[in-house]
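Dear colleague,

Please find the structure below, handed over for your review. My findings follow it.

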Amino acid sequence: MRPIFAMFVAEHLVHLSTVDYAIIVFYFALVLTIGWYLRGKANTGEDFFMAGREMTAWVAGLSFLSANLGALELMGWAGSAYQYGIMATHWYWIGAIPAMLFLALVMMPFYYISKTHSVPGYLKLRFGEPARAVSAVSFAFMTVLMSGVNMFAMAKVMQIVLGWPLSFSIWISSLTVAIYVALGGLRSAIFNEVLQFFLIWAGALLIPILGLYEAGGWSNLKIQIAQRASQQYVHLWAGLGSFTTNPMGIHWTGIVFGLGAILSFGYWTTDFLVVQRILAAKDIRSAEMAPIIGAGFKMLVPFIVILPGLLGLAVLPMKLTGEASAIASGAHSYNDVLPLMLARYCGPGLLGLGITALIAGFMSGMAGNVSAFTTVWTYDIYRPLINPRGSDHHYVNMGRWTTVLGVLISVGTAYLVMHAASIMDYVQALFSFFIAPLYGTVVLGMLWKRATGPGGFWGLLCGTLSSISMWAWVYHDPSALRYVALSPNAKVMAQDMYQALWSFLVCVTVTVVVSLATQPKSDAELAGLVYGLTEVPSVGDVPFYKKPLFWAAVVIAVFIALNIIFW
Amino acid sequence: MISIWFFIGISLLVNGALILAAGIYQLVNPPAEINIQLFDLHANMWWGALLFVLGLFYCTYFRPRRS
């Protein structure tokens, strides 16, 4: 029987059967059912925007990870593993684990005790309205734009992989997300993210298992990669002593200080898209355990993302290339490696599950963007700046309509990108401008009681402007990268890391200087917001194996062991 | 309130059943042209069975109960 969806299909990578389409249709039906079921449980502001603050550690932790585990993340990093080798794993290990544990053990108590609805909300409590306004407006603006860019990129993937028209993918996925988030609020987004987490693993896990079987195990895989690419492709740290001895063209200082100490801390501890999931935890122990659970699973993600990329190097008969040369030559690009591996091993049913995993990954990222945008717009822009006297019911309605509006703006951005592809580069770069300085502002606010409102505001502003300036400098004169990354041999991957490092330092320096020159708040005003002036509540009288500190120690031990094993 | 784990169980159960059925069908009626690697392992059959069993466990253990 000819599947009904076949009418959309043109040239594409994989061919789906009826059972594959049945799995995809069932997925859409299930996420909409969950949204419909939860519609009656999102009637108050706390319910709609904060999921009633009653999520368990497991639900909050898996949703925290799932919001980050988008389809582009899966496909992009599998492509990076093919291009750069196992070094791409740094973005999952040193580029995530220490930051997630820091969030759990150091920063989460302050977010949680302050009962803030958002990260900009914390800045309001700590530094005042100007800092919140800068952070809320930039976050809301960037979140919907990023969502649109991701939407376009995902539609493009569906066009290449399945032959679906761009508009079909954009509208079907965005309307589904709009419906289930508008109906059930953050609780619906979180529930679906946990479901999507399971689907991503169920759909992607078989590729590395079968790939390792075909390659003859890890040892044989390393030999084949060394023959077809280079010995450096299977070492995490060994080639990082110089910019010229590794495929990424980066130095270990960039990985450790730029990625590990600044970029990842900025993303995992201050990006409200992920932090919002933890704020919905039911108690302080769950709020601390959730990022630790997320970190535990984050360490495993390279198995379904990086390993397929490495396996592609060894077993795929064709040579993949960069995007530009792939378009020119009609060959496959690095980013096609995951769908190619999927098509290599997965027959009817499994193929549908794999494609569903990609769709689920995309939708979980989009739902994360939309729910975070809705909360920041309603609580940090609309309520303080436009209508401070609305009822709780009014703000919930505003949240529902903002969800729909946010999705429509994202769709508009997707169409804009469709007609002017260069916008995509700008938007992706713009997002990175805010992360590192925001981390500097938040962490100083939490750990240094002398930091003042004007210090926080000017530090955030100057850090962000310095980041934009460095990006513009390198954009107009690519040779300037040698100054930003401190080496004439630095390659493009090094830029983000050093840019983040310098903008963080600018933010911290300006915050300290301005704070020392201005009047600090009293200790009483800072209670519950700053380390040393806040009594952090105990996680309760629980056995040691239920304490967050114990599991954080386990995660860090495994993290160290993995880095040594794959050194 | 229905647990999220119950919904996950439903998802695994249905997907597992569909994939298992597709795998059994391919075992009984092998395609004339095999265009995937390691076809002989019949991965869709045992992977589908695994998801089905896992889904059955989640559906049973987290089924909605009267309070």
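In chain A, helix 7 and helix 17 cross in a left-handed manner, that is, the near helix is turned anticlockwise from the far one by less than a right angle. The contact between helix 7 of chain A and helix 17 of chain A comprises 19 nonpolar, 5 polar and 3 charged residues; Ala, Val, Leu, Ile, Met, Phe, Trp, Tyr, Cys and Pro count as nonpolar, Asp, Glu, Lys and Arg as charged, and the others, Gly among them, as polar.

This is a predicted model, in which local features need pLDDT of at least 70 and side-chain atom pairs count only at pLDDT 80 or more, while totals for chains, interfaces and linings use all residues. Residues are numbered from 1 along each chain as its sequence is written, and chains are lettered from A and ligands numbered from 1 in the order in which they are written.

The axes of helix 7 (residues 129-162) of chain A and helix 17 (residues 350-386) of chain A come within 9 Å and cross at roughly 160 degrees. Helix 7 of chain A is therefore roughly antiparallel (over 145 degrees) to helix 17 of chain A.

Helix 6 (residues 119-127) of chain A has 8 of its 9 residues buried (20 or more other C-beta atoms within 10 Å of a residue's own). Among them are A:Tyr122, A:Lys124 and A:Arg126. A:Gly128, with a positive phi near 105 degrees, follows helix 6 of chain A.

A:Leu447 lies in helix 19 (residues 422-447) of chain A. The C-alpha atoms of A:Leu447 and A:Lys521 are separated by 14 Å.

Yours sincerely

Definitions and conventions
Axes fitted to C-alpha atoms, helices over the stretch in contact; angles between N-to-C directions. Helix = DSSP H or I, 4+ residues; strand = E, 2+ residues; numbered from the N terminus. Parallel < 35°, antiparallel > 145°, perpendicular 65-115°, else oblique. Buried ≥ 20, exposed ≤ 12 C-beta atoms within 10 Å, placed from the backbone.
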